[in-house]
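Good morning, colleagues. I shall take you through one structure, moving from the chain as a whole to two of its residues.

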Amino acid sequence: MRNRFHARIGVSLAFGRIDVQGQHGSSDETWQMTASERTGVAYAIAGFALLSVGDAVVKSMAGASPAYAVAALRFSIGAIVLSALLLRQEGASAFRPRNTWLQIGRGASLAIASVCFFSAIYIMPLAEAMAIGFLAPVLTQMLSVPLLGERVRPSMWAVSLVSLLGVAIILRPNLAELGLGALFPLISAIFFALMMIANRASAGQASALSMQVFVAAICAPILILLCAGIKLSGIPALDFDWPSWDIALRCIVVAGTASTAHWLAYIGLSKAGASQVAPAIYVQMLVAIALGWWWFEDRPDAYTIGGASLIIGAGLYLWRDGLNGTVASRGLPPDQ
């Protein structure tokens, strides 16, 4: 990564969420995007768009296999492939986490977030579920105060209220139609935020690949145990069969798109830096709207567009506010 940017990157391999946070830190920054940086942003946009493709593939399995079974298979595939890569590149010693309980917390949070998000896109339009999922960065900032002892600006709380208002606008019609199931994406965003907090707390404890293996290898067994418990419970409404070949193939596609998207985002970050790449994450919403409209005939209504605008606007404000803060600390004009 270029030496004028220091980025902290948390990646969820569950449903394609990449949390990008950057800190500006060079005395010769011109704030004009170079050709390499423009290429980096293009790579990142391609990666973020691919994440929405994976989410759409997950939605295509609605009615064919329950969300928890799909999540268990998807993460089992990811854990096996990532573990093989880690063993080849770094050896057996790389599988020893420095803080086991922290890694368990990451894996458990990812498991809950994944099942809830998969459940959400099963029963809701893709764009609505994804819009609420964008609440996670705001929740991460809010939770960093009590959990990590970080300090945030007073404007953060106003931004949080705006984001929550956006969620309420999106959920209002869905609560009447779907009941408590409409809360799945909100629960998912909360646990994704908790995973991001755990990512921050464990930063620097292992390589990026090791951290991916830890979270996937812990998440997968939790989901497998969940599926085994549901299968043994004998509850007809929750029962499921072994996945058919097409379900298994689609889970492989989801795992492949997530890994490819992560690679593209990493290349983008290495060329452009986090502060240029971060706003591009919202291309996921545009792709989700297009795929939902084309594949599932889900046309976004005024509630979805209005609520998503508030949530995305709040996220962009946080990015801009953080960017201005780092520039101001160096005495540079914010718009330079």
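Let me begin with a term: a residue is buried under 20% relative accessible area, exposed over 50%, and partly exposed in between, with a 1.4 Å probe and protein chains only. By that criterion, buried residues make up 49% of the 336 residues in the chain.

This is a predicted model, in which local features need pLDDT of at least 70 and side-chain atom pairs count only at pLDDT 80 or more, while totals for chains, interfaces and linings use all residues. Residues are numbered from 1 along each chain as its sequence is written, and side-chain values use heavy atoms, leaving out hydrogens and water.

The chain holds twelve helices and two strands, being DSSP runs numbered from the N terminus (helices H or I, at least four residues; strands E, at least two). Of the contacts (heavy atoms within 4.5 Å) between residues at least 6 apart in sequence, 84% join residues at least 24 apart.

Now to the first residue. Thr304 belongs to helix α12, residues 302-328, and is buried at a relative accessible area of 2%. Leaving aside residues up to four places away in sequence, Thr304 touches Ala127, Glu128, Ile170 and Met285. With Glu128 there is a polar contact between side chains, at 3.0 Å; the term denotes a pair of N or O atoms within 3.5 Å, where, within protein, one must be able to donate a hydrogen and the other to accept it, and residues adjacent in sequence count only if both atoms are side-chain atoms.

Lastly, Val253 lies in helix α9, residues 245-272, and is partly exposed, at 36% relative accessibility.
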